[in-house]
Structure formats: C-alpha cells, structure tokens
Amino acid sequence: MIEGIFVEGLIFSIMVLGILISYRILDLADLTCDGSVATGAAVATMCIVGGMGIPASLILAFLSGVVCGIVTATIHNKLHIPGLLAGILTMTMLYSVNLRILGNKANVSLVRVDTLYRLFPEFFSFVPAAFASLIGSLIVVLIVKGLMDLFFRTDLGLALGALGGNEQVIISQGMNPATLKLIGLGLSNGLIALSGGLLAQYQGFADANLGQGMVVQGLAAIMIGEFLFSSNRITLITLRAVLGAIIYKGLMFLGRKYGYLIGITPNDFKLLTGILVIISLAVAQTRAMASAKGAKKKALERTKGFAEGNNA
Amino acid sequence: MLEISHVTKVFFPGTVNEKLALEDINLTVNDGDVICVIGSNGSGKSTLFNMIAGTFPVTSGTIKLQGKDITNSPEYKRAFMIGRIFQDPTKGTSANMSVQDNMNLASFKGMKGLKFGLTKERKAQFREMLKQIGLEDRMEDNVGLLSGGQRQALTLLMTTLSRPSLMLLDEHTAALDPRNAEIVMDLTKEYIERFNLTAMMVTHNMQFAIDYGNRLIMMDEGHIILDVSGEEKKSLTVQGLVDEFRKIRKKDFDSDEGLLTK
C-alpha cells in the first residue's frame, strides 16, 4: 500500500517539476498543464495500443507536450496576452484535441497490452512486484531530475532563470525573451505530458478528464516542498518539489483512507487541495510577517539598550 | 557611427492623450564621442534613449548605427551593439541569481547554448574583474543581497564586458547616495576611457555636464535646442547655459532651477 503512494507520488513529481519550470523559474502561471497532462496520457496510450513500443510512446508523449507548450507560448508572445489567458485557451482547445486522439472516446484502457508497470516486475524480478514499480519509477524520476538539474546549470538554463527574475536583463544581453519562453514552456509541458504518459500506464487507462485540477495539485505540491527547506540551488529546488509531490499524494491517501471518519469523501479533494494551497500561501505570509515583527522587536531592544547606555 | 535623422515620436496618436514627445530630431554621434544630455523632465531625453535602444518604435524617421539601418530592428537585436544602463539599479541584473551567474550571462551577447559556461578559468577571470568593484568575495551571493550602488557597479561591469559600440547611460547614478554615485561615476569614466567607448549620458547636474565629455546636448519639449562641443563647450558656465536656454526659449527663469525640475 505504502509503495503505491510512492509510485503515485513519483509519477506526479515529474508533472510537478514541469509546473516548477513555468510557475517558479519562468514566473509565468501556465494553465496549459490541465490539458497537456491528458494529451500525454492519450498519446502514450494510443501509441502503446498501436504497438509502438513503450520508449517511443513516452518520447512521443513528451513531444506532444512540447507542442502544447509551444502553442501557449506562441499565443502569449504574438498576441501579447497574459500567459494565464494563453494557457486557459490552449487547455480548453486541448480537451477537444485529446478526445480526437483517443478516437472520440472519453477513455481508452491499456488492459491487454504491455505497459511499463507490467514490465517493471519482470525487470526487477528479485523484489516483490509492488517494489519493482517503485524502483522503476524512482529510476525514471532520478533521470528526469538529473537532466533537469544539468540543464538549468547550462548557459541556456541560466538564461531561463534570469528571464523569470528580470526580462530586461535578457533583452539587454541580446536574447529574444519570446524564444526563451517558447523553450521554457515547451520543456515544462513536455515533462507534464511525460508524467501523463506514465500515469496512464500506471492506472491502466487514459482519460480525457485526467487533467482536471492538476495545476492546483501541482502548486500544492510545490508549496509543501517549499516548507521543507529553503534554497536557491537547483538540485535542492527540484528535490523539494519531488518530496512535496510524494507528501501531497500521502496526504491524499490519508484523506481517502481515514477521511470517512470525519465525513470527507474523494469528492471533496479538489476543495481540500485548494484550501491547502491557500493555507500554504497564508502560512508563508505569516512567516514573513513574523520575521519582520521579530526584526522590529530586536531593533527596539537595541535602541532601548542604547538609550539606557546613554542614561547611565 | 549613430545617425538619427528626422525622428519623430508621438505617443497615443489619435486619442485625447496624444503627445508629441520628439519632433524631427537630427543627431549624428561620432566615434569616441562622450555626450552629456541635459534638459528638464518631459523634454524627451528618455524617449530619445528609448528610440535609440528600440524599446518603442519611432513614429517616423530613421536611425542608423555604424551604417546599418536599425530603425525597425527589435530591442534585443540592437542590444548586441548598444549597452544601456537604467536609473533603476534593479533593471540591469537578475536578483535571484548569483553574481557569477550574472557575469556569465553577460560574457557574450545573443542566445545561449547548452554549454556549462561557468568554468574555472572564467570564474578566475570574473574574480579578477570584480576586484575593481570590491565584489570578488561575493561571487556566489545572490545579486538581490547587494546594495543599489553595488548592483549598479556590477551592471556597469557587465555592460562593458561585451564592449558595446554605444553606451546609453540614463541617469544611472540618480538613484544612488552621493558617495556611491561618485564611485559609480568614477568607474563609468574609467571604463569609457580605458575601452575608448562612445557614450551618451543623461544627467541633471549641469556643472558635471559642462565638465565631462566632449559634447553637450540640451533638450526641451521634444527638440534638441543646443548642441555644443570642443572648445565652445569648455567655455560654458552654468549661468551661460541658463542664459542660452532663456535666449532660445525666450522664457524667464529666476535661477537654473527652472531647468532642473527635479
């Protein structure tokens, strides 16, 4: 049971890494995610059903996500509308596209074909099947995280980071911010779609409604991660995003298992996730306020000390 | 090297807010010129800089840089040849990145590739350069932790790193305290001299404008009303400038404060 949470959390963490790129690194709230995660699931599923082989299917899922991100970035760049609106447009359009990919069916199952999560127990036959899935997922996540860490240490990766902080710097260095946004959102949605492709294989079907509310869940995971530790090193930023994703799935598991005791059903999860994000934001704010208050108190004590020193 | 001919800029054309910010500006900047630009707020200095840098398109006219027509090229392409420093110290650097990452970003212009640019040799080079501004021991600190003066000095270093053909300095010391302003200004002079840069500098300090550079331009209401250089510039005085301004504009000023509506 506990392995299940980790596997779910690890698959989810790849999506969270994607959201991390758009939301935290590029500082561009991108809602394409709700659509592109389902696109990735649909593409991977149809490829596997069509007998394409798992690696090729996952690569195509990733690329389909890249295309989704490029569409959003192009709408944002060319029409000069906010990224938020561009993302909503793409996400809405993708719902229809995803149904097309799935052959106008709301869901397609992967029951009678080989999937990654049927092959993992064969690869790692020395451990129980559930642990084999865990090991396999962990390897995939470590590869993705490792590549992402490397990428954000290259000159191009640094430029993406700088774009999120200050667009004028990018322009002053002779780079087109529109191109960088294209790359950033492409990469972000590529990872999100890859996560969707893995998720479809894990749960055994692709669903056109798979992506509903995924952005908010991803944000919740990022914020949980940020409570763990603070850092500006990319390896630690991605690490805490992965940990946040696993913790989020753990919380949801507890909600499913023990929620009935206080009358919570899975129907309430979206509400609870939203509240979790709001609480995270509120806590972050009170923290900042508390440290400001602490500083004020210290400053007052210092001045008081000076005054007493002068009187004496 | 820079030829501005018949440049006009109208903001919000066709609306009640229509504003003629620049009217038929003609200006030729020669190689090695160091030009101080003065004029009251709203006279068009910043608009002129924005037109040269390409932040906004011109309404009409052409701008040529080193013989190339750049009137319609986007800001990021012009940045290959033009280095610009803003009044706001936060604009030139990325706050959430370390000093060395910022330096690395500025080490060459144009789109970056998948290379790890921050090598040991580069770090050593950067350390050497940063010694001039006293930041050699803070290479791994985030730029957001630096003071305004330090950030502006770093911006200056980053901008000169790629040896721009033209430097646009838009009141780049105005947001700093007098001591830091002096430090940054001394550095500016040093770099301009050492790398033989061509520069245009907006300033509100008339005495400074008279003392520094080989050319002085005064702007008013979207026009260049005075353009002096060489010996003529050396003989200027603040009072002389004010008299000149009065003569041209036929306005009466009690003091030079009328020029400096700060």
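Residues are numbered from 1 along each chain as its sequence is written, while chains are lettered from A and ligands numbered from 1 in the order in which they are written. Because the model is predicted, local features need pLDDT of at least 70 and side-chain atom pairs count only at pLDDT 80 or more, whereas totals for chains, interfaces and linings use all residues.

Let us begin with chain A. Its mean pLDDT (the predictor's confidence in each residue, from 0 to 100) is 90, and 97% of its residues reach 70 or more. Confidence in chain A is highest in helix α3 (residues 54-79), at a mean of 96, and lowest in helix α12 (residues 269-311), at 79. Chain A holds 12 helices and 2 strands; here helices (H or I, at least four residues) and strands (E, at least two) are DSSP runs, numbered from the N terminus. From the N terminus on, the order in chain A is α-α-α-α-β-α-α-α-α-α-β-α-α-α.

The C-alpha trace of chain A spans about 90 × 55 × 35 Å along its principal axes. Of the 312 residues in chain A, 46% are buried, meaning that 20 or more other C-beta atoms, placed from the backbone, lie within 10 Å of the residue's own. Among the contacts in chain A with a separation of 6 or more, 78% join residues 24 or more positions apart; a contact requires C-beta atoms, placed from the backbone, within 7 Å.

Axes are lines fitted to C-alpha atoms, for helices over the stretch in contact, with angles from 0 to 180 degrees between N-to-C directions.

Now to where the chains meet. Here 26 residues of chain B are in contact with 20 residues of chain A. On the chain B side, α2 (75-78) and α3 (99-106) are the elements giving two or more residues, and α3(B) gives the most, with 4 residues.

Within chain B, 4 strands form an open antiparallel sheet in the order β2-β1-β4-β5; strands pair if DSSP finds at least two bridges between them. Its edge strands, β2 (19-29) and β5 (68-69), each pair on one side only. Helix α1 (residues 45-53) of chain B packs on this sheet, touching β1 (2-11), β2 and β4 of chain B.

Finally, visit strand β7 (residues 166-170) of chain B: 5 of its 5 residues are buried, so β7(B) is largely enclosed by the rest of the structure. B:Leu166, B:Leu168 and B:Asp170 point one way from β7(B), and B:Met167 and B:Leu169 the other way. Strand β6 (residues 82-85) of chain B runs parallel to β7(B), joined by 4 bridges, and strand β8 (residues 198-202) of chain B pairs with β7(B) in the parallel sense over 5 bridges. B:Leu168 is the bridge partner of B:Arg84 and stands opposite B:Met200 in β8(B).

Technical notes:
Two residues are in contact if their C-beta atoms, placed from the backbone, lie within 7 Å. A residue is buried if 20 or more other C-beta atoms lie within 10 Å of its own, exposed if 12 or fewer, and partly exposed in between; C-beta atoms are placed from the backbone.
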